[in-house]
Amino acid sequence: VRRLRALGFDDDARALSLVRVLERRRGSPFAPDVARAAEAADAGAHLLDHVAKSPDPMTALARLPDLFRERVPRSTVARVAHDRRTLTLATKLLATSAPLSRMLAKHHGLDDVLARPPTTTRLRRADVRAELAAGSHGHEEARLVAMRAVHSRRTLQHALAFFAGRVDVHAASLSVSTLADALIDEALAFARDKIDARHGAVDGMRFCVLALGSLGGRELGFFRDLDLIFVWDAPADADSAGPRTIGAGEHAARTAQQVIWALTAPLAEGACYAVDPRLRPSGSQGALSTSVASFGAYHRTSAPWEKQALLRARFVAGSRDLGDEALAIAKRAALSTPPAGLGQRLLDMRARMIAERASHAGLDLKMGDGGIADVEFAVQGLQRANGLWCPSTLRGLRHLARAKLVAHDAAHAIEAAYCDLVRAREALALVDDKREPAVTPNDPRLDLLARAGVLSEKTGALAYEKLANDAATIRERCGRLMLRLP
């Protein structure tokens, strides 16, 4: 107890009880048989020392036993004892991030991930496909389990790279988006196999998945929902060829349903994503899938906000030629002649969003006044007014600057502030699962992230001040851009 107190553990009695838990974890450096081994003799002391120096020692110590639920090889324990960088990263993560700590525990943390440096390489779809093929073995449940294993392992890998400062938030988002693309592709293959086995295929039918929102822009954040649209096409009056015949529309609807199930089913291994299909034509009460003809007819007269949402449409999986047709429809609708008074309409819509959807408990980084949504609205408004198609907010802003539709200094100021808000939002997503979108001047999460070095500011108060200044920059600059729209 005196030793734990000297190390800086505030609640020394609780700290001792947690060390006793570690003693009972087979393979932990505190287990008697491991502690006696020469190659791991110093591991426990090194580990406690690093935990004590972490941003939140008691939290890190409380989460530490979960990393040793299953036996960790002694060679790993010995290696970690002498690898200061790995140990510092591991204990910072345990102190700071509840979701990443849980993912580490599920994936033999120290042995499977932390013994290797976090990757700086951008993820490719082929990498994910190879991992899925190696783990699924064709069986239905095995395929779903493999999807979740790959999702957890790869999410952890790229979140660690961001957490450790090896990649910026935009590089991490590209890899997280690629992971989602590949898992949607696998979910569609799973759905087709299941529906075709039950009902048979529909001759000449095409089916594709489009992404909207942040996934459409390849800017998906950690632990975010997916905005998906399912589009199909088939010969008139086509039916499936199996023993339990259904029409093409029903076949498409069931396929979409199974895609969502494959991604969201809460197995023991968890789910991959939550899926939000509310942006589909006819809204949340309509059919899950829509024919390409209906998709085109609907968006010829759809509301301005629906046309605006289509600016972020992107093909993800299924029939590429059908995807190209659907995207051509989306592009025509999104870039059609904008309504009169577009700028004021956007400002009015943002005002309603701030009143109805933003958190008023502090500075809402996404929906609040001067938040990320202001940049999205300004960029999308300029895209609509000038016929520019680009699903990514950041790349869209850069295109507008190169085309001299936004002054260079304004674009630079908006981009810098936007990147700060996105970085902070994703860092906060790694702290806990509450997803409270607003930050406050004395927010303990900002303090924790500052102490962990995930945010560049030295204190949470300085981080909040920077974010508040960023929001003021966005509010002023983007408001001016929207007011100039016709």
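The model I am working from is predicted.

**Entry 1: H15 and H17**

I looked up how helix H15 (residues 292-300) sits against helix H17 (residues 320-334). Their axes come within 9 Å and cross at roughly 5 degrees. H15 and H17 are therefore roughly parallel to each other. On the H15 side I listed Val 292, Phe 295, Gly 296 and His 299 as the contact residues. On the H17 side I listed Leu 322, Glu 325, Ala 326, Ile 329, Ala 330 and Ala 333. I sorted the residues of this contact into 7 nonpolar, 2 polar and 1 charged.

**Entry 2: H11**

I checked the length of helix H11 (residues 140-163). H11 has 24 residues and spans 34 Å from first C-alpha to last, close to the 34 Å expected at 1.5 Å a residue. I then asked how many of the 24 residues of H11 are buried. The count is 17, and I noted H11 as mostly covered. Gly 165 follows H11, and its phi is positive, near 80 degrees.

**Entry 3: Nonpolar cores**

I looked for the largest nonpolar core and found 130 residues in it. Phe 9, Leu 228 and Leu 263 have the most contacts inside this core. Helix H12 (residues 169-199) supplies the largest share of the core, 12 residues.

I had already listed Leu 322, Ala 326 and Ala 330 on the H17 side of the contact with H15.

Is Glu 186 buried or exposed? I placed Glu 186 in helix H12. Glu 186 has a relative accessible area of 16%, which is under the 20% cut-off, so I recorded it as buried. Beyond four places in sequence, Glu 186 is in contact with Leu 132, Arg 143 and Met 147.

Lys 307 is buried, with a relative accessible area of 9%. Leaving aside neighbours within four places in sequence, I found Lys 307 in contact with His 299, Arg 300, Thr 301, Ser 302, Ala 333, Ala 334, Ser 336 and Arg 384. Of these, His 299 and Ala 333 also take part in the contact of H15 with H17.

Definitions and conventions
Residues numbered from 1 in each chain as written. Predicted model: local features only at pLDDT ≥ 70, side-chain atom pairs only at ≥ 80, totals over all residues. Heavy atoms only, no water. Axes fitted to C-alpha atoms, helices over the stretch in contact; angles between N-to-C directions. Helix = DSSP H or I, 4+ residues; strand = E, 2+ residues; numbered from the N terminus. Parallel < 35°, antiparallel > 145°, perpendicular 65-115°, else oblique. Contact = heavy atoms within 4.5 Å. Nonpolar A, V, L, I, M, F, W, Y, C, P; charged D, E, K, R; others polar. Expected span 1.5 Å × (residues − 1). Buried < 20%, exposed > 50% of the residue type's maximum accessible area, 1.4 Å probe, protein only. Core = buried A, V, L, I, M, F, W, Y, C linked by side-chain atoms within 4.5 Å.
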